[in-house]
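Here are my comments on the model you sent. Please read them with the sequence and coordinates open.

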Amino acid sequence: MGFLAMALLVALTPGANNLLALRHAMVRGFGGSMVGVCGRLVAFAILVVVVVAGLGPLLSASVWALTLIKWAGVVYLTYLGTTVLWASFRRGGAPDEAVAKTSGQVRPPLSALARKEFLVAISNPKAVLVFTAFVPQFVVAGHGSVTAQLAILGAFYLLAEAVAAAVFAAAGSVIRAAQMSRQAHRRLDRVTGVALLGMAGLIAAESATS
């Protein structure tokens, strides 16, 4: 349950894919946006398979490798939290410009929404870091097969990602009628950034004492 809660916080961080879900809901509605999200989940499932196949034997063979990955996760979460906080002050919490340019006047086919979500997810280095640095740090040495643990954690993260996408899609449907203010964007980004930095601190403290 602890991993799922933290995975939800990471998945809910405003990013390219979540902004796409938001925009797609404003264009095609909640259902259309969630069809597009399937493309993202396919991309992330591929990353899970890659991690399970490549990191499983490595982590099984070396406790030092697991420790290194955990600290890499601390660095990643610190970077992500700092970036979100900085963006909230620098841009006032406004959506990413590249995604915001998506037109709300056209109705692209659902296959195009799924393709866009897939390409953004599979080419996003932050998504790769999630599965190579964030997810593996929850593997517990000596508690069964590392490969099986990675597969289960990856499946739970996909669930968290689907829930997060649904939240942004629902928000996009609401924004159709009443757009969220810049001040609300700022507050959301700052709360998310502080939460991520707090997670990084907890993981660092745990790694230092383990």
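The points below run from confidence and overall fold to single residues.

1. Basis. This is a predicted model, in which local features need pLDDT of at least 70 and side-chain atom pairs count only at pLDDT 80 or more, while totals for chains, interfaces and linings use all residues. Residues are numbered from 1 along each chain as its sequence is written, and side-chain values use heavy atoms, with hydrogens and water left out.

2. Confidence. The pLDDT is the predictor's confidence in each residue, from 0 to 100. Its mean over the protein is 78, and 78% of the residues reach 70 or more. Helix 7 (residues 146-175) has the highest confidence, at 91, and helix 4 (residues 97-100) the lowest, at a mean of 38. The pLDDT is below 50 over residues 92-106, a stretch that has 25 contacts in the model beyond near neighbours in sequence. Contact here means heavy atoms within 4.5 Å.

3. Fold. The protein has eight helices and zero strands; these are DSSP runs numbered from the N terminus, with helices being H or I of at least four residues and strands being E of at least two. Of the contacts between residues at least 6 apart in sequence, 88% join residues at least 24 apart. Buried residues account for 43% of the 210 residues. Buried means under 20% relative accessible area, exposed over 50%, and partly exposed in between, with a 1.4 Å probe and protein chains only.

4. Helix 1. The buried residues in helix 1 (residues 2-11) are Phe 3, Leu 4, Met 6, Ala 7, Val 10 and Ala 11. They cover an arc of only 165 degrees around the axis, so they sit on the same side of helix 1. The arc is taken from the directions from the helix axis to the C-beta atoms.

5. Asn 18. This residue lies in helix 2 (residues 16-61). Is Asn 18 buried or exposed? With a relative accessible area of 3%, Asn 18 is buried. Its side chain reaches the backbone oxygen of Ala 11 at 2.7 Å and that of Thr 13 at 3.0 Å. Leaving out residues up to four places away in sequence, Asn 18 touches several residues, including Arg 40, Glu 161 and Phe 168.

6. Aromatic residues. The whole structure contains six aromatic pairs. Rings of Phe, Tyr and Trp (its six-membered ring) pair if their centres lie within 6.5 Å; planes under 30 degrees apart count as stacked, over 60 as edge-to-face and the rest as tilted. Phe 131 and Tyr 157 form an edge-to-face pair, 5.2 Å centre to centre with 85 degrees between the planes. This pair links distant parts of the chain, with Phe 131 in helix 6 (residues 125-134) and Tyr 157 in helix 7, 26 residues apart. Phe 131 is buried at a relative accessible area of 2%, and Tyr 157 is buried at 3%. One aromatic cluster is formed by Phe 3, Phe 44, Phe 131, Phe 134, Phe 138 and Tyr 157.

Technical notes:
A polar contact is a pair of N or O atoms within 3.5 Å; within protein, one must be able to donate a hydrogen and the other to accept it, and residues adjacent in sequence count only if both atoms are side-chain atoms.
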